[in-house]
Every structure is written in C-alpha cells, then in structure tokens.
Amino acid sequence: MHIHALDSYCPGTSPVHRLDPRVKLLLTGLFILTAALLPEREWGAFGVMEGLVLLTTLLSRVGLLRVQRRSAVALPFALAAVTAVFATPGRVLWTVPFLGGTLSITESGVVRFLSILARSYLSIQAAVLLAATTPFPDLLWGMRALRLPRPLVAIVGFLYRYLFVLADEARRMLQAREARSAAPDGRGGGTVAWRARVTGSMAGILFLRSYERSERIYMAMLARGYDGTVRTLSPPSLRPTDWIVGALVGGVLGLILLWGRM
Amino acid sequence: MLFSTLHPAPILMHIPDGFLSPMVALVGWVIAAVGVGLALWRSREALGERQIPLMGVLAAFIFAAQMLNFTVAGGTSGHLIGGALAAILLGPWAGILTMTTVVAVQAILFQDGGLLVMGANITNMAIVACLVGYGVYRGVRLLAGERRWGLLAGGFAAAWTSVVVAAVACAVELGFSGTSPIGIALPAMAGVHALIGIGEGLITLGALALISVARPDLVEMGRAKAAGGFRWTLVGLAVALALTLLSPLASPYPDGLERVAENLGFIEAAQEAPYTVIPDYTFPGLSNEALATIAAGVVGTIIVFGLAVGLASLYRRRRAAEA
Amino acid sequence: MSALREGERPMEACVEVRGLRFTYPDGREALRGIDLTVAPGEKVALVGPNGAGKSTLLLILAGLLHGEGEVRLFGEPLDDRNVKRMRSRIGLVFQDPDDQLFSPTVFDDVAYGPLYAGLPEEEVNRRVAWALSQMGLEGFAERLSHHLSVGEKKRVAVATVLSMRPEVLLLDEPTSGLDPRARRRLIGLLAELPQTMLVATHDMRLVAELLPRTVVLDGGRVVADGPTAEILSDEHLLEAHGLERP
C-alpha cells in the first residue's frame, strides 16, 4: 500500500496519451456537455457515445475493466434519482404497495431515471479516461492555456504537489492511532463523540504542520526569486494531429447532438 | 485495510455529471465564477504573495484531513468535509478558495463529483458552506464575547450548519433539475446531513480546541482577514434564507410529490401546490396538505436512507475485499 | 585559519558576518553575536548540536530572515534593495526536500529559479538540462516530485539551486535521511561542484571528506573555527558540544 495509489494516471504512450492536453480537456468537456444536452430516451445516441468511449479506451490501452471499475464510483449517487421513478407524472407501469398506500411507477419516470444514469455513466467514463491518460501537470498547463485564472491554477498545482505529502502524514497518524488502540478493527474506545473529537485533534495537528510547512515553502520560493507573480514557460503549439483529432471528434459529437435533438 | 480507510472517502454531496440539468449546471458555474473571482481578489489583498503557497498547502491539508476518519457504528465511519473549518481558520474568502480547489481536484483526479456540474458543487461545498459556516461562527462568537466556549460552540454550530445548508443547496439543485422532487430530496439530504453534520461539528471543534491551545494566533488569523463580524453573520443568514425561498420553487413537476402523497393516501384532494412559501393554512393547526407533504417527505427520506445504507455497506464490503 | 588582521580582508569575501544576532518572535535567542568570513572557493562545515543556530544563520545569509549586525555578501551590505539580486548568487537548499520541491514536476522545479530570474526560454531549458546532468539526473525532467525517492529528492533539490548558477551554495543537512548508498552518491556529486559551500550538518563523515574548514556553533555563538582535521582531532571540543568523531 502506498499513497501513490491515489494517483489515477496510468502511464502509457498510446495515441490517446499523446494527444495535447488542451484538446483532451476540451473534448472531454464537449462530450459531457453533449451527454447533458441529449434529450431523454435517445438510446441510440447514448449508445453511439458509449461506443466512442469504449473505442477511446481500447486505443488508450489503459484497460476496459479499469475504466469501468473507476467509473462505478458515481453509482451510489444514483439513488438520488431513484425517486424520479415514482415522482414523474406519466403512464403508470406498476403499482407497488408501500406503507399502507401504493407507489406507482410511471413509464416516463423509468425513462427519466435511466436517462440520468446513462448521461452520468457516459460522463464519468470520459472523466476517468482523461485522468488516466493525462499526467496532472499536463492538465494544469492545459487549464492555464484555456484561460483559467493563473493564481487559481497555481493553487491547484500546490494542492496536487502537497496532497501526497500531507496524505502520507495523515496515514502515519492513523497508523500511530491504530497501533495504540486495543480493538483489532480500529474501533477504539470511548464514545463516538470522543472518537470524533480525537479525530479533530489529529486534524488540528495536521493543520499546524501544514501551516508551518507553507511558511517554509514560501521561504523556499523567495530564495529562488518568487515575486508574487505566476510565471511559466509558454506551452508548445498544437501539432496537426491534435487539430485533426480535435475537429474530428468535435464534429462527431456535434452530429450526435444534432441527431438526438432533431 | 488501511488503503480503504485512506482512499478519499466519497462525500454524498459530490453531484456527478448527469444529475443536474444543463440550465442548473450553468447557473452553478455563474455563481461559482463570481464567488471564486471575488475570493481570489479578496484573499490576494489579505495575503499578498503568500496567497498561492498558503492556499495551496492548506487546500492539501483539507484534502488530507478528509482522510482522517473515526468509527461511528456498524462499520460506518465519519470524516471531515472541512468548509467551516477552512472558513474559520483562514477567513471566508480564503476558505472559499481552498474548498474550491479541493472540489476541483476531487472531480478531476478522482472523478468524485462531475466536471460539467463542478460549478454547482463549488457553489454548495465552497461558497455556501463557507459563507454560512463563517456567518454562524461569527454570530456565536459575538454572543459569547471573549469566552472560550464561543470558539468551541461557534465551531460546532458553524460546521453543522454549513453541512446541512450545503446539502439543502444540493437538494434544491436536484429539485430544479427534475432529478428528484424537492419534497423528497430536501428532507432526505437535510436529514442525512443533520447526522453527518454532528461528526463534522465534533471534528471541527476538536481541531479548533487543539489549535487554539497550540497556536492561538492562528485561530484569529481568519478573523484578522475579515473585518466586520456582524456583516458576515448577515451574509450567512442571507444565503440560508435565499435557499429557503428557492426551495419551494425548485421543481419542474410541482405535482410530483403531491402525486406520491396522493398515491400513498395522504391527500384526499390536493387543489394547490403545497410549496407556497407561506402555505395558506391558519395557525394554530396544520392543514392536511402540509401534513401530507411532511409525511411524504418522511417516507421519501426512509426510502432513500434505506437504499443509501444498503448501498454503502455493499460498497464498503467490496472496497475491503479489494484492499 | 581566520587569522585576518584589520585592513587585510581578502578581496570580496563571499560571506562576511560581524556581530550577527537574531531573536525569534517567541523570544528565543538563536544567534548571539556571530563572526564569520568565507572566502571564494572555500568549503566550510557548520556543525553543532540541534538549536545551535545553524539553520537560522543560513536563512539570514539567504536574506529570508533579518538579524541585527553586519551581513556583507560579495563585499556589499545585504539590504532590501539588493536582496533579490543576492539570492540569485547564493543558493539555499532546505533540509526537507518536500519544502524545496514545491512544483508538480522535476522540470518545473529546476526551471523555477531561471524563470523568475527573467531568462529567455531557451536559456531556461538549457539551464535545466545542465543542472540535472550535474546531479546525475538525466531523464528526470518529466518525473513527478512525489514519485521520487528521498535520495533523488535531495539531488533534485540541489539541482533546483544549481540551475540559478549561484556562486555560493548554502546546504542545510544535505545527507539527512539518506541510506548509505544514496548518501555516497550525493557526497560524490557535491565533491565535483566548484562553488563556495557552507554546509550545516551532523554528518561528521561528510565533513571529514568534503569540507576542509569547520565552524562549530553552540548556543548561537561560534565556539571554534579552523581546519577540519584539527577540529575533528580535538576530542574535548567535540565532546563539549555534543559532536562525535566520524
């Protein structure tokens, strides 16, 4: 077990990996937007989009299973949409007895629920692919190139860098707590409230260490000439392949949307 | 085993893509852009060139602190979300900025929360949580004067309220999107997060207690960065009030919940939408409609909560098996 | 060694400190009157127990803390106007490489100094390649800092400073936390560097191998200053200040 398991990047040299991060960011955004704008019950269009994702996954060689497994993280949220099944007006399919009354499941409710799931699952697969085929630092300069506020991107860069350092510290603190607690499964003693407060103390210690670290980092930056501005090298220019792939995939997504909304 | 405890714990409030309508997602982005823009500018004024390293490392702190968990019961565990703690320690603007980057990295790196709906998630977990949390905190501290219980009670109340109100904002967005009728989503989200909020409150309190002993100057850092205590309380109240006013409108199918209530036999005849801000019943005594709405909400909560617990335990078992 | 009479200062001593005092905001006195001169090309060890003031002295020399007393770098008194220029001539390597390496990738970190010095992009790229090769890190540019071993991090940390082409290197505990092999590698690489060096360390073997002159600090004062061989053979001195022979 190592904290590196947190990193979702999956190294490789596939055409998907080599595509310019700006193009990948834009295409991922466009893909998710297309899924969101497609009307309900456009199963054909949803199917074509799934085909697009699977094709890209195969091209990227990060593994179909890996992408599917990571995509499953959004599933628990689906229950937020479950209520749509019996709260959307429409033709009644089934009535289920419930707490003395009945709940009626409507056809349009089921369609709505399934459409939400389809959009959600398509979007998350695209996001998983983006993270799996693009090193985070490349995403950072991609974001900068797409005109996100530079200080904000710089802060995200620091978050990414120190996430691993501080997560390691958090892990050591948890290990130390587990080493001292008598219960084998870390249940520990005391009441729930007491355990929560102890966790709070750990968070407090972590805060103090983080704060002191930020002061040392600030000094390390000053020592190398930091003056409050954000400076970076200019990004490389897009290759012809990037333009072609961007235009092609963008065009296909446009066609899917047109087809779905006609 | 430790791997599963260390993986960024999924937070119920991270809305994935697909669950919000494009219109709601757009509104979320507009609010987020304005809020984050203001936060960038104001925290820059307060922190100067330290802004970038300080915000970046403390955002990483919030991220790592979310991994510190404690056992509640039956294998479930609680952990920090952090909006109120960030706002109290750093001031509301810097708090918003740190939480925004946390939400963004969780979405981009771990797909915890969607990309198109990121604006809405930033609105809930960064802007609403920090403004409301900070407002409550300053309110309690004003009441308590310089006494220590003000810090602890203020921290607890701020954390609890920030989580619950952020959950309400989430429910309102789901309602406007037609994903889940507001009458079910709101009590369900608020109910679940009223419990989660207790853990949040206790962790926040524990953290503040420790920091106030070890480095009292740092607890006041946020205060120095945001003058005008009472104004912040008003801002927090205004955000909470705006959400309350919005929630009755938050449904493209205003009759959705009514239908459920009707089917369940709670309503004989529902002539009017039960979502008016001030329902036309007379005090004292609630009308049947209002009761029916509440009853339907409770039923919805039970369904959703039951499903949530079931799924969570399945999910946890799989995680444990993987590790 | 420091037998310098008045008016006989060496031309342009790199570092010249007179009566330097420093008190932390919490009232702790870290330095209580330090005198130290380092000539160009000298390699000086700064040893002494924890809390002796070694790191504080390095931070002041890098212009990151302000003490009382006289600090002259390259013949000029250090002040707010020239501090930025001085920092490019004096490279400080922090003890914890996780503080020093604050960028996501090795390239970004090594390029940081040259970039903020306002150098053109081709020059920045050249400097990065050169600094990495100096520390035996060819091919590391695209690596992520958090994926490096401690030994690699320490070497990258030195490279981030070398890319600024400083004349003086201030190193704080360069070998702490390294396993024997990584430590050997680092000492070997440091031995190749031509820069003037001031190295704060507990590693007495590093001192014996790399640094001909040793300054012993204790309680914020210089208690000994002389050739390393002499100081390391003075058992009373070493014992009195909590040091051990290599």
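Here are some worked exercises on a predicted model with chains A, B and C.

**Exercise 1. Which residues does Ala36(A) touch, and is Ala36(A) buried or exposed?**

Step 1: Find the residue. Ala36(A) belongs to helix α2 of chain A, which covers residues 21-37.

Step 2: Check the accessibility. Ala36(A) has a relative accessible area of 12%. The cut-off for buried is under 20%, so Ala36(A) is buried.

Step 3: List the contacts, leaving out residues up to four places away in sequence. You get Arg119(A) from chain A, plus Pro22(B) and Leu116(B) from chain B.

Step 4: Now try a distance along with a sequence gap. Leu257(A) is 221 residues from Ala36(A) along the chain, yet their C-alpha atoms are separated by 9.8 Å.

**Exercise 2. Where does Ser210(A) lie, and which residues does Ser210(A) touch?**

Step 1: Look along helix α10 of chain A, residues 192-223; Ser210(A) is in there.

Step 2: Ser210(A) has a relative accessibility of 0%. Buried means under 20%, so this serine counts as buried.

Step 3: Skip residues up to four places away in sequence and see what is left. Ser210(A) touches Leu166(A) in its own chain, and Val57(B), Leu58(B) and Phe61(B) in chain B.

**Exercise 3. Describe chain B by itself.**

Step 1: Go through the secondary structure. Chain B has 13 helices and 2 strands.

Step 2: Turn to burial. Chain B has 323 residues, and 62% of them count as buried.

Step 3: Take the contacts in chain B with a separation of 6 or more. Of these, 76% are between residues 24 or more positions apart.

**Exercise 4. How many residues of chain B and of chain A take part in their contact, and how much area do they bury?**

Step 1: Begin with the residues. Chain B puts in 83 and chain A puts in 96.

Step 2: Now the area. An interface's size is often given as the accessible area lost when the parts come together. For chain B and chain A that comes to about 8300 Å², with 77% on carbon and sulfur atoms.

Step 3: Pick out the residues of chain B that lose the most area to chain A. They are Ile52(B), Leu68(B) and Gln111(B), together 9% of what that side buries.

Step 4: Look for charged pairs. There is 1 salt bridge between chain B and chain A. Arg215(B) forms a salt bridge with Glu212(A), and their closest N and O atoms are 3.6 Å apart.

Step 5: Ask which elements of chain B supply the residues. Those giving two or more include α2 (22-47), α8 (182-214) and α13 (288-322). The largest share comes from α3(B), with 14 residues.

Step 6: Sort that side by class. You'll find 59 nonpolar, 15 polar and 9 charged residues.

**Exercise 5. How many residues of chain C are in contact with chain A, and how many salt bridges link the two chains?**

Step 1: Count both sides. 32 residues of chain C are in contact with 29 residues of chain A.

Step 2: The area buried between them is about 2800 Å², and carbon and sulfur atoms give 60% of that. In chain C, Phe102(C), Tyr116(C) and His146(C) lose the most area to chain A, together 28% of what that side buries.

Step 3: Count the salt bridges: 5 between chain C and chain A. The side chains of Arg224(A) and Asp109(C) meet in a salt bridge, 3.4 Å from N to O.

Step 4: Finish with the elements. Helix α4(C) gives the most to the side touching chain A, with 6 residues. By class, that side has 15 nonpolar, 10 polar and 7 charged residues.

Key:
Residues numbered from 1 in each chain as written. Chains lettered and ligands numbered in written order. Predicted model: local features only at pLDDT ≥ 70, side-chain atom pairs only at ≥ 80, totals over all residues. Heavy atoms only, no water. Helix = DSSP H or I, 4+ residues; strand = E, 2+ residues; numbered from the N terminus. Buried < 20%, exposed > 50% of the residue type's maximum accessible area, 1.4 Å probe, protein only. Contact = heavy atoms within 4.5 Å. Buried area = accessible area lost by both parts, 1.4 Å probe. Salt bridge = Lys/Arg side-chain N within 4 Å of Asp/Glu carboxyl O. Nonpolar A, V, L, I, M, F, W, Y, C, P; charged D, E, K, R; others polar.
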